[in-house]
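Here is a brief report on selected side chains and their surroundings. Keep the model open while reading.

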Amino acid sequence: MAAQSDGSKAGVGYGSGGFAQLYDVDGEEPMDSAAIHICQCCRTSACYWGCRSACLGSLGGVQHAGGLGIRETHCPPREQLWLDCLWIIFALIVFFWDVGTDLCLANEYYQRQDYLWFGLTLFFVLVPSVLVQILSFRWFVQDYTGGGLGEVEGLTKRGAVALGCLYPGRDRLQLATIWLWQATIHILQLGQVWRYIRTLYLGIMSRRQKEHQRRWYWAMMFEYADVNMLRLLETFLESAPQLVLQLCIMIQENRAETLQCISSLGSLLSLAWVLASYHKLLRDSRDDQRSMSYRGALLHLFWRLFTISSRVLSLALFASLFHIYFGIFVVVHWCAMAFWVVHGGTDFCMSKWEEVLFNMVVGIVYIFCWFNVKEGRTRYRMVAYYIVVLAENTILTGLWYTYRDPVLTDSYAVPALCGVYLTFAGGVLVMLLYYGFLHPATSHLQPSPASSCCAQLLWGLPLPPSAPPTAPPTPAHMAKSETDEDVAETCLPVFQVRSAPILTSRPEGPLIKIDMPRKRYPAWDAHYVDRRLRRTINILQYITPAAVGIRYRDGPLLYELLQYESSF
């Protein structure tokens with residue numbers, strides 16, 4: 001990684017080779033805040049000129065002494081801090097509920113000398129947990145040592161001192177303590193717990209620390225993204241098969257013990273909670289998407305609870321009689337879903353092999369529930385998936401009902417069949433309610449501060465004050481609420497891309513230019529999944545007083561296109 005920077009006005013280029021480069025932006029032409037503006041109606045920059053009449057009212061802001069009509073917003077803490085903290089605390093409770101009851105159940109099987117059930121239960125707890133801990137510790141090593149980051153010229157002069165603030169233990173004793181602590185918590189299989197606690201701490205500090213809110217905020221977002229990705233992997237490798245196993249045991253033994261029911265409920269809730277939390281955070285991390293409200297997250301949670309319950313119950317009924325055929329069905333379904341995902345052309349990861357591994361994991365997720373991995377025509381893919389799942393559930397439960405032992409199963413056969421179809425219908429109904437009323441694309445809620453922070457990070461430009469989306473004002477309303485002087489200061493000519501000199505603004509901090517198009521939703525942005533770029537952002541935020549900005553290839557192209565079209 002090459003670098004050339006001494007002053008505060010520096011930028012970072014992220015070339016085709018995937019390495020960040022610092023550059024001096026003094027020679028660049030100043031870009032004003034109207035060139036790339038995040039629309040307050042749809043939270044994107046693409047439709048700025050189409051929604052111009054509804055957005056210009058928020059450009060007035062508060063007049064500063066220097067005459068700027070745009071008020072620069074700093075990274076605000078997320079609203080409703082207590083809800084955020086409560087959400088993470090409940091995630092920890094669900095985690096301990098799920099894993100703790102599974103371990104207690106394995107111990108009970110061992111004491112009853114049911115060694116087969118003991119081995120399978122313990123296997124589905126330990127193996128996924130070990131894999132996730134290895135991945136979590138690998139991420140820690142990459143973040144702490146800068147694995148793959150390379151040298152950054154320009155950061156070496158000021159970075160040596162600043163890195164002491166970023167990683168406050170640079171002497172050998174403190175370094176050994178940090179490494180020993182991380183190794184210990186990962187050996188104890190508590191890596192996710194530590195990341196949840198750290199996320200909670202960083203979120204509270206981003207609210208209390210007024211001086212460096214942006215640094216705390218982005219540290220919290222990166223940590224929260226990591227723990228959600230890890231939990232998503234673990235739940236579908238541990239909780240989902242564990243849920244099927246325990247239901248299968250209860251059906252085979254024709255009895256359900258209290259601990260088995262509690263363990264199954266914990267696994268089911270863990271699956272639904274992780275999916276709702278993952279999708280909420282993914283939307284919070286994107287400035288081009290509206291954030292999901294907690295009401296929407298709860299409805300999303302119930303949607304997943306019902307659909308996963310229907311799917312798991314049908315799988316357990318079939319597996320209780322057809323052990324070998326159940327394995328064959330799972331493998332065939334997984335291969336078909338993985339091929340469908342690969343054929344769709346996902347763009348989640350930074351390398352080909354990581355993308356293949358991701359597609360394989362998504363194939364496992366598709367065994368149990370729907371998971372959106374590609375933008376565009378989602379409703380058609382979702383309808384196709386649920387039609388296939390409904391047909392599979394019908395075939396699996398029909399075969400079980402045909403070949404079951406009536407003497408042993410008459411007491412619960414009909415309720416089990418009703419449970420499969422009623423929970424499926426309930427899940428579809430809740431899904432329709434979610435997409436009809438509380439989905440971020442259709443809800444009329446004010447965007448959360450997370451979107452504003454993401455927009456500031458991406459474009460490195462000051463944004464207008466947050467304002468709830470409103471309809472374009474009528475001429476009569478404008479005549480009553482605005483004077484001619486206000487209109488002259490806030491309204492821009494229709495064909496003028498660059499505003500008057502009094503409104504010009506330029507990014508003062510480092511600017512990271514990424515020579516690749518921005519990933520499309522529902523993929524994570526590159527600065528979330530590429531740990532070299534993430535570490536570069538963290539370093540720059542600690543060594544420069546000004547805010548760090550990111551510009552993907554799409555941003556300048558959009559700006560140049562608008563400038564070209566408006567020159568006629």
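## Cysteines, a tryptophan and a surface patch

The disulfide count for this structure comes to zero. The model is predicted. A disulfide is a covalent bond between the sulfur atoms of two cysteines. For the count, a pair of cysteine sulfur atoms must lie within 2.5 Å.

Is cysteine 248 buried or exposed? Cysteine 248 is buried, because its relative accessible area of 8% falls under the 20% cut-off. Cysteine 418 is partly exposed, at 38% relative accessibility.

| Residue | Relative accessible area | Class |
|---|---|---|
| Cysteine 248 | 8% | buried |
| Tryptophan 194 | 27% | partly exposed |
| Leucine 86 | 34% | partly exposed |
| Cysteine 418 | 38% | partly exposed |

Now to tryptophan 194. Tryptophan 194 sits in helix α6, which covers residues 191-208. Why is tryptophan 194 classed as partly exposed? Its relative accessibility is 27%, and the class runs between 20% and 50%. Which residues does tryptophan 194 contact, once neighbours within four places in sequence are set aside? They are Trp181, Gln182 and Ile185. Valine 227 is 33 residues away from tryptophan 194 in sequence. In space, their C-alpha atoms are 9.3 Å apart.

Next, the surface. Leucine 86 belongs to helix α2, residues 81-111. Leucine 86 is partly exposed, with 34% relative accessible area. It is also one of the residues in a nonpolar surface patch. Trp82, Leu86, Ile89, Phe90 and Ile93 make up that patch. Together they have about 490 Å² of accessible area.

Technical notes. Residues numbered from 1 in each chain as written. Predicted model: local features only at pLDDT ≥ 70, side-chain atom pairs only at ≥ 80, totals over all residues. Heavy atoms only, no water. Helix = DSSP H or I, 4+ residues; strand = E, 2+ residues; numbered from the N terminus. Buried < 20%, exposed > 50% of the residue type's maximum accessible area, 1.4 Å probe, protein only. Contact = heavy atoms within 4.5 Å. Patch = residues over 30% accessible without salt bridge, like charges linked within 9 Å, V, L, I, M, F, W, Y side chains within 5 Å. Areas by Shrake-Rupley, 256 points an atom, 1.4 Å probe, with all protein chains shown as cover. Salt bridge = Lys/Arg side-chain N within 4 Å of Asp/Glu carboxyl O.
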